[in-house]
Amino acid sequence: MSYDYLFKFIIIGDTGVGKSCLLLQFTDKRFQPVHDLTIGVEFGTRIVSADARPVKIQIWDTAGQEAFRSITRSYYRGAAGALLVYDITRRETFSHLAGWLEDARQHGNPNMTVMLVGNKTDLSHKRAVSKEEGEQFAKENGLLFLEASARTSNNVDEAFLKTAEKILERIQEGVIDATDELSGIKIGPSQGIGTRKETVASSGCCS
Ligand SMILES: Nc1nc2c(ncn2[C@@H]2O[C@H](COP(=O)(O)OP(=O)(O)OP(=O)(O)O)[C@@H](O)[C@H]2O)c(=O)[nH]1
Ligand SMILES: [Mg+2]
């Protein structure tokens, strides 16, 4: 399928917060109940409609374990968006956010759009971090924010979509240069040169 833009995303955060499950729910609409520890990085893609435009999101799911930190760091470069995930039932995963953000700022592109995700809202009886604290941290650090559940799928699509929409908005405002190699963005085939989009549409062929 054709798309207007390709956005490269990275998912970061402590081990066990549900990064791989968020990706699986987003790309495959299923939930993995067992912690299948990510070794290095995994990869997924999905084409979404963001502001009525087809956008391909290419996602790199990193390993949260400390031992893989140097590999993770090499993936920040060239990412247009990041999902920074913590587990609302484990306070330490929230306390480590500042460290993750520092890594992202140091190794990532300065224009990277970051969505903070408080995951596992289905476990509300075990909640250890309030929604207000998440909101506050996001506000102080200029991040988007959502609480989600990879288990029930609540707000999972929204987390990826809202990040993509923010990036689109910033391209339109001229804050992000989509033609810059390091922006983590590629202009898609359907946007090509001149009137190609209209030509394809009027000929009624090819998706
Ligand atoms: N109840 C509940 N469990 C979840 C949710 N998301 C993930 N889990 C569980 O949390 C555990 C860890 O999930 P993963 O997605 O593997 O965690 P990860 O962040 O990818 O961990 P690393 O790959 O080690 O960095 C698994 O047992 C999941 O089933 C959720 O939204 N709700
Ligand atoms: Mg994982």
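Predicted model: local features only at pLDDT ≥ 70, side-chain atom pairs only at ≥ 80, totals over all residues.
Residues are numbered from 1 along each chain as its sequence is written, and side-chain values use heavy atoms, with hydrogens and water left out.

Helices (H or I, at least four residues) and strands (E, at least two) are DSSP runs, numbered from the N terminus. In strand E4 (residues 81–87), 7 of 7 residues are buried (under 20% relative accessible area; exposed is over 50%, partly exposed in between; 1.4 Å probe, protein chains only). Gly81, Leu83, Val85 and Asp87 point one way from E4, and Ala82, Leu84 and Tyr86 the other way.

Two strands pair if DSSP finds at least two bridges between them. E4 runs parallel to strand E1 (residues 5–12), joined by 4 bridges, with Gly81 as the partner of Phe9. E4 also runs parallel to strand E5 (residues 113–119), joined by 7 bridges; there Leu83 is partnered by Met115.

The whole structure holds 7 aromatic pairs. Rings of Phe, Tyr and Trp (its six-membered ring) pair if their centres lie within 6.5 Å; planes under 30 degrees apart count as stacked, over 60 as edge-to-face and the rest as tilted. Two of the pairs are tabulated.

| Pair | Centre distance | Plane angle | Class |
|---|---|---|---|
| Phe43 and Trp60 | 4.7 Å | 50° | tilted |
| Phe94 and Phe137 | 6.0 Å | 65° | edge-to-face |

Phe43 lies in strand E2 (residues 41–50) and Trp60 in strand E3 (residues 53–62), 17 residues apart. Phe94 and Phe137 are both buried. Phe9 forms one aromatic cluster with Phe26 and Phe160.

Definitions and conventions:
Chains lettered and ligands numbered in written order.
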